[in-house]
Amino acid sequence: MDDDFMMLLSDRNQMNLIRKTNEYATQYGLCLSDYDIRELLIKRRECLSEQQRVEFGTGILEKLIFAFCDSGFIYQENYAETIARLQSIFYSYKNESLDELTDDELISIMRDAFDGECQGSLDYLEETFLEQFARTIRADTRKFMGRYARNDREL
């Protein structure tokens, strides 16, 4: 099988997975159209390329959707754009934090900050909160795996 066919098959599987998140997100008044999903998958490839990352399996889009769709700061009008931006922020700060955090830990930290200190501001999340957080990680050589739980985050 050639690479184009494999990418098409992977995209089709990803689209189906993301479509299924609508079943959960609709209880919060949110739904991604097929167009939105395609755009998120395109953005995913761009982010991975820009950040020089490789992702195996289903990726983080589904996890981001489940983690953020019940936020009081996300509305249907900004849903797809917000998820796209969170995806970009996630990949950037996976690199900036030297991969010291698991995907779930980073998503949890992002969500706590987004709804808390950042009050729904993606700019503040990216440019202030996570920048300070990543700086702290880079300054300390200890491993952080498992250290940051959703309710006992330290900086």
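Is Phe 66 buried, partly exposed or exposed? In this predicted model, Phe 66 counts as partly exposed, at 34% relative accessibility, where buried stands for under 20% relative accessible area, exposed for over 50% and partly exposed for the range in between (1.4 Å probe, protein chains only). Residues are numbered from 1 along each chain as its sequence is written, and side-chain values use heavy atoms, with hydrogens and water left out. Because the model is predicted, local features need pLDDT of at least 70 and side-chain atom pairs count only at pLDDT 80 or more, whereas totals for chains, interfaces and linings use all residues.

The chain contains 6 helices and 0 strands, in the order α-α-α-α-α-α from the N terminus on. Helices (H or I, at least four residues) and strands (E, at least two) are DSSP runs, numbered from the N terminus. Of the 155 residues in the chain, 41% are buried. The accessible surface of the chain amounts to about 8,500 Å², and carbon and sulfur atoms account for 49% of this surface; accessible areas come from the Shrake-Rupley method with a 1.4 Å probe, and for residues only the protein chains shown count as cover. Contacts are defined by heavy atoms within 4.5 Å. Among contacts between residues at least 6 apart in sequence, 67% join residues at least 24 apart.

Phe 66 belongs to helix α3 (residues 61-68). Together with Tyr 24 and Tyr 28, Phe 66 forms a nonpolar patch on the surface, with about 250 Å² of accessible area for the three residues together. Patches are made of residues with over 30% relative accessible area and no salt bridge; like charges are joined within 9 Å, and nonpolar side chains (Val, Leu, Ile, Met, Phe, Trp, Tyr) within 5 Å. The buried residues of α3 are Leu 61, Leu 64, Ile 65 and Phe 68. Seen down the axis of α3, these buried residues fall within an arc of 100 degrees, so they line one face of the helix; the arc is that of the directions from the helix axis to the C-beta atoms. An α-helix has 3.6 residues a turn, so residues three or four places apart point the same way.

The structure holds 8 salt bridges, each defined as a side-chain nitrogen of Lys or Arg within 4 Å of a carboxyl oxygen of Asp or Glu. Side chains of opposite charge can pair when their charged atoms come close. One of the salt bridges joins the side chains of Asp 104 and Lys 63, at 3.0 Å from N to O. This pair links distant parts of the chain, with Asp 104 in helix α5 (residues 103-115) and Lys 63 in helix α3, 41 residues apart. Asp 104 is partly exposed at 47% relative accessibility, and Lys 63 is partly exposed at 37%.

Arg 111 is buried, with a relative accessible area of 8%, whereas Asp 115 is partly exposed at 23%. Asp 70, Arg 111 and Asp 115 are linked in a network of salt bridges. In the loop between α5 and α6 lies Gln 119, which has a positive phi of about 50 degrees although Gln 119 is not a glycine.

Helix α6 (residues 122-139) includes Glu 131. Glu 131 forms a salt bridge with Arg 135, the closest N and O atoms being 3.8 Å apart; both residues lie in α6, 4 residues apart, about one turn of the helix. Relative accessibility is 46% for Arg 135, which counts as partly exposed, and 22% for Glu 131, also partly exposed. Leaving aside neighbours within four places in sequence, Glu 131 is in contact with Tyr 93, Glu 126 and Arg 138. Glu 131 and Ser 97 are 34 residues apart in sequence, with a C-alpha to C-alpha distance of 9.1 Å.

The count of disulfides is 0, a disulfide being a pair of cysteine sulfur atoms within 2.5 Å. Cys 31 is partly exposed, at 35% relative accessibility, whereas Cys 69 is buried, at 1%.
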